[in-house]
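Reader: I would like to go through the assignments in this structure one by one, and to hear for each of them which value was set against which rule. Could we begin once the structure is in view?

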Amino acid sequence: MFCYRFGLGFNAVYHLTDLPSFVSGQHLVLFDPHAKYLPGASAAQPGLRVNLNRGQLKRQFPDAFAPYMHFGCSMEGSYNGTLFRLPLRTVATAASSDIKSSPTSTQQALQLLLSLADVLPQALLFLKSLRELEVYVVGDGDSSAVEEVGQQELSEAAAPRLMFKATLAPLDGTTPLQQPITRFVSSGGGGSGAQQLEAFYRRLASVLESELPSSVGRVQLTMKRSASQFSEAEKAVLSGNVPLFSGEQSQQHQVGVSQQRPAGNACIQASKALAAATVVTVSREDWLVCNQLGGGAARALALKAWKEEKVKMVPWVGVATRLYPLTTEQQALTAHKANINSQTIGGSSNMVAGRAFCFLPLP
């Protein structure tokens with residue numbers, strides 16, 4: 001899920017939860033569409049916004065807000081960042097939910113995270129603001145241990161553990177590749193949303209095609225995958241049987257991971273002992289990315305849609321291809337294959353093997 005300016009993507013969280021919340025800056029925001037979980041919530045006001053500088057949340061609701069505190073948020077003052085909490089829909093809450101009647105298990109949530117990892121780090125290629133994404137797992141992966149040893153004791157072993165981390169870093173300068181286009185789209189002064197749109201389409205119609213903004217640059221994508229004291233099911237997925245990321249340039253460091261999961265107090269001790277026992281895989285890829293605000297028929301279509309139907313279309317396209325650094329032996333082999341292909345299909349010998357990704361922004 002990615003959240004943009006208008007928050008439409010945020011609605012996807014209701015597949016998992018009935019009570020999403022987030023902390024950002026000095027505020028905690030909670031949504032309660034059913035108006036039955038939060039004090040004072042109603043159909044007209046199905047949520048709350050609490051100033052962290054004024055509330056006593058940590059003292060009043062220690063269990064509910066403990067997950068935020070795992071990531072450096074004190075719940076007693078401003079937080080430099082944004083944290084989302086999505087309590088999974090249980091069997092009990094699903095039975096009375098007007099949003100979704102099926103629960104979400106921890107296994108389903110884990111599989112969803114693995115599905116996200118499958119599209120990383122390439123999913124960062126065309127995002128305007130997001131440059132780094134980290135996913136952590138809190139707890140030992142065994143819900144039965146909570147009943148055996150108690151929540152307080154278990155929390156000692158519940159330090160966040162990195163599951164995977166995806167990063168995008170520009171190789172040609174430090175400014176975002178899309179900046180020339182975003183500046184063109186957003187320039188033109190203030191005013192209401194409708195006035196800004198009118199100003200944008202006037203600029204789009206008047207500028208010479210040769211002056212439409214574009215950018216070309218290289219970026220490096222990095223994917224780090226780490227697994228420590230996971231359950232056997234998690235280990236089976238994270239150990240590589242279900243690959244999260246495949247890259248030619250990889251470094252792997254492995255320390256022995258326990259093959260059997262102890263229960264109760266032994267589980268806590270084993271969890272602490274295995275805190276440093278991790279499998280870490282780091283893969284890197286270089287990509288060439290091009291962004292262009294289009295002219296020709298694409299611009300004409302966008303202008304016509306806005307003029308006749310007020311449909312917001314942006315003729316902005318992005319294309320990326322992976323760059324493969326080759327050794328001398330690989331260069332010779334590639335040239336040999338390219339020569340064979342050109343003789344077979346009558347094409348050019350300047351062929352590059354890779355995947356192309358296209359980006360088409362929603363209005």
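Reader: How do the axes of helix α7 and helix α8 cross, and within what distance do they come?

Author: This is a predicted model, in which local features need pLDDT of at least 70 and side-chain atom pairs count only at pLDDT 80 or more, while totals for chains, interfaces and linings use all residues. Residues are numbered from 1 along each chain as its sequence is written, and side-chain values use heavy atoms, with hydrogens and water left out. The axes of α7 (residues 179-186) and α8 (residues 193-206) come within 8 Å and cross at roughly 115 degrees; an axis here is a line fitted to C-alpha atoms over the stretch in contact, and the angle runs from 0 to 180 degrees between N-to-C directions. Helices are DSSP runs of H or I with at least four residues, strands are runs of E with at least two, and both are numbered from the N terminus.

Reader: Which residues of α7 and α8 meet, and how do they divide into nonpolar, polar and charged?

Author: From α7 come F184, V185 and S186, which meet F200, R203 and L204 of α8, a contact being heavy atoms within 4.5 Å. The residues of this contact divide into four nonpolar, one polar and one charged, where Ala, Val, Leu, Ile, Met, Phe, Trp, Tyr, Cys and Pro count as nonpolar, Asp, Glu, Lys and Arg as charged, and the others, Gly among them, as polar.

Reader: Why are Y201 and W306 called a stacked pair?

Author: Rings of Phe, Tyr and Trp (its six-membered ring) pair if their centres lie within 6.5 Å, and planes under 30 degrees apart count as stacked, over 60 as edge-to-face and the rest as tilted. For F10 and F22 the centres are 6.5 Å apart and the planes 75 degrees, and this pair is edge-to-face, whereas Y201 and W306 lie 4.9 Å centre to centre with 15 degrees between the planes, and are therefore stacked.

Reader: Why do Y201 and W306 count as buried?

Author: Buried means under 20% relative accessible area, exposed over 50%, and partly exposed in between (1.4 Å probe, protein chains only). Y201 has 4% relative accessibility and therefore counts as buried, and W306, at 10%, counts as buried too.

Reader: What makes D172 and R218 a salt bridge?

Author: A salt bridge is a side-chain nitrogen of Lys or Arg within 4 Å of a carboxyl oxygen of Asp or Glu, and the closest N and O atoms of D172 and R218 are 2.9 Å apart, so the pair qualifies. D172 lies in the loop between β6 (161-170) and α7, and R218 in strand β7 (residues 214-227), so the bridge ties together parts 46 residues apart in sequence. D172 counts as partly exposed at 39% relative accessibility, and R218 is partly exposed at 33%.

Reader: Where are R89 and D18, and are they buried or exposed?

Author: R89 is in the loop between β4 (79-85) and α3 (91-95) and D18 in the segment before β1, 71 residues apart. Their side chains meet in a salt bridge of 2.6 Å, N to O, and both residues are buried.

Reader: Why does R299 have no salt bridge?

Author: R299, found in helix α11 (residues 296-309), is buried, and the nearest side chain of opposite charge, E209, is 4.1 Å away. Lys and Arg count as positive and Asp and Glu as negative, with His and the chain ends not counted.
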